[in-house]
Amino acid sequence: MNDIDYGLTSGIHSLDEEEIQQWLASVEAGNVYVNRGTTGAIVQRQPFGGWKKAAVGAGSKAGGPNYLIGLSDWTDAEVRTDTALDELASSAVALVDGADASWLRGALATDIDAWAAEFGVVRDATGLLTEQNVLRYQAVPVTLRFEGERVVELLRVAAAGRRARARVTASVATPLPSPVVTWLGAHDVTVIVEDADRWAARARRLAASDGRVRLIGANASSTAEAVEGAPSLAVYANPVVAAGRVELLTFLREQAVSITAHRFGTPRRYDVPVLAPVR
């Protein structure tokens, strides 16, 4: 079913609830449909956009809640939140001090808020009686390229990736402080020290596998030149910001699920599971 290069839409017709649940847990396409046609996507109900080679860049869905984020430039702002930090966030904050610690605390608190309100849940925006239309998110692998001086930015982005349950690899131009390496390793982030040539080779491999790259203090033009502008590599080069609503999206892709919630006039609701991370 999923052994194809593209993943725009997919559909299934079935009255077997176990079969439907298995399909929903594993189908790899941006828009998926159960017991209905696979065309005619409507803004908000079925925001439209594909996976794999049916998407370019982030693949944010047209008509969905994240489409304009990818068409905007973002600048940082002061964070105001009383959200308590968990171990992932508090252990990262403990590695820095002063203004960096205050900024990182606020940033990672916004990750917790954004995960609880949007990215870690399955939402039906319209609430129709005869049709379920839900949006859910799946974590995808991302490689970070760090060439900057502010290690706190690397911690911020890596923590967002782990919050999203994504597989995160950090390619760094120079060795990191030992406590930072220890924290990254403890949270399953692979760290690799690579010069410019080795990074360019890695970027080309990522482009060949439709990868994602988050640049932190690194030159976007150099990476683009290394892969000869290949559209198969999604490059996130915007400045690091505190807002989890922006930074978490690097590690996620969207899936719209539409289900006919009745058969012959009898309402039937289905439990749509949260998508498992890509390994």
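1. In what order do the five strands of the open sheet with mixed pairing stand? The order is 2-3-12-6-5. Strands here are DSSP runs of E with at least two residues, helices are runs of H or I with at least four, and both are numbered from the N terminus. Two strands pair if DSSP finds at least two bridges between them.

2. A word on the model. It is predicted, so to speak of local features needs pLDDT of at least 70, side-chain atom pairs count only at pLDDT 80 or more, and totals for chains, interfaces and linings use all residues. Residues are numbered from 1 along each chain as its sequence is written, and side-chain values use heavy atoms, leaving out hydrogens and water.

3. Strand 6 (residues 131–139) pairs with strand 12 (residues 252–260). The sense is antiparallel, and the pairing runs over nine bridges. Look at Arg 136: its bridge partner in strand 12 is Gln 255.

4. Helix 1 (residues 17–26) lies across strand 2, strand 3 (31–34), strand 6 and strand 12. Helix 1 runs at about 180 degrees to strand 3. Helix 3 (residues 98–119) lies across strand 5, strand 6 and strand 12. Its angle to strand 6 is about 145 degrees. Contact means heavy atoms within 4.5 Å. Axes are lines fitted to C-alpha atoms, for helices over the stretch in contact, and angles run from 0 to 180 degrees between N-to-C directions.

5. Which aromatic rings pair up, and how? Phe 119 and Tyr 137 do, edge-to-face, at 5.0 Å centre to centre with 85 degrees between the planes. Phe 119 sits in helix 3 and Tyr 137 in strand 6, so to say 18 residues apart, and the pair links distant parts of the chain. The search of the whole structure finds one aromatic pair. Rings of Phe, Tyr and Trp (its six-membered ring) pair if their centres lie within 6.5 Å; planes under 30 degrees apart are stacked, over 60 edge-to-face, and the rest tilted.

6. Now the cavity. The count comes to one cavity of 30 Å³ or more. The largest cavity has a volume of about 60 Å³. Its lining includes Trp 115, Phe 119, Tyr 137 and Arg 165. Helix 3 and strand 6 are the elements that give two or more residues to this lining. Strand 6 gives the largest share, three residues. By class, the lining has nine nonpolar residues, one polar and one charged. On a 1 Å grid over the protein atoms alone, a cavity is a set of points where a 1.4 Å probe fits but cannot get out; a pocket is an open set with protein on both sides within 12 Å along at least five of seven lines; lining residues have an atom within 4 Å of a point. Grid points are joined across faces, edges and corners, and a volume is the space filled by probe spheres set on the points.

7. Five strands stand in the order 9-8-7-10-11, with parallel pairing. Strand 9 (189–193) and strand 11 are the edges, each pairing on one side only. The twist averages 20 degrees from one strand to the next. Strand 7 and strand 10 (residues 212–216) pair over four bridges. Arg 145 stands opposite Leu 215 in strand 10. Helix 6 (residues 196–208) packs on this sheet and touches strand 7, strand 8 (168–172), strand 9 and strand 10.

8. Last, the largest pocket. Its volume is about 660 Å³. Of its 29 lining residues, Ser 209, Asp 210, Gly 211, Arg 212 and Arg 253 are the closest to its centre. By class, the lining has twelve nonpolar, eight polar and nine charged residues. Ala, Val, Leu, Ile, Met, Phe, Trp, Tyr, Cys and Pro count as nonpolar, Asp, Glu, Lys and Arg as charged, and the others, Gly among them, as polar.
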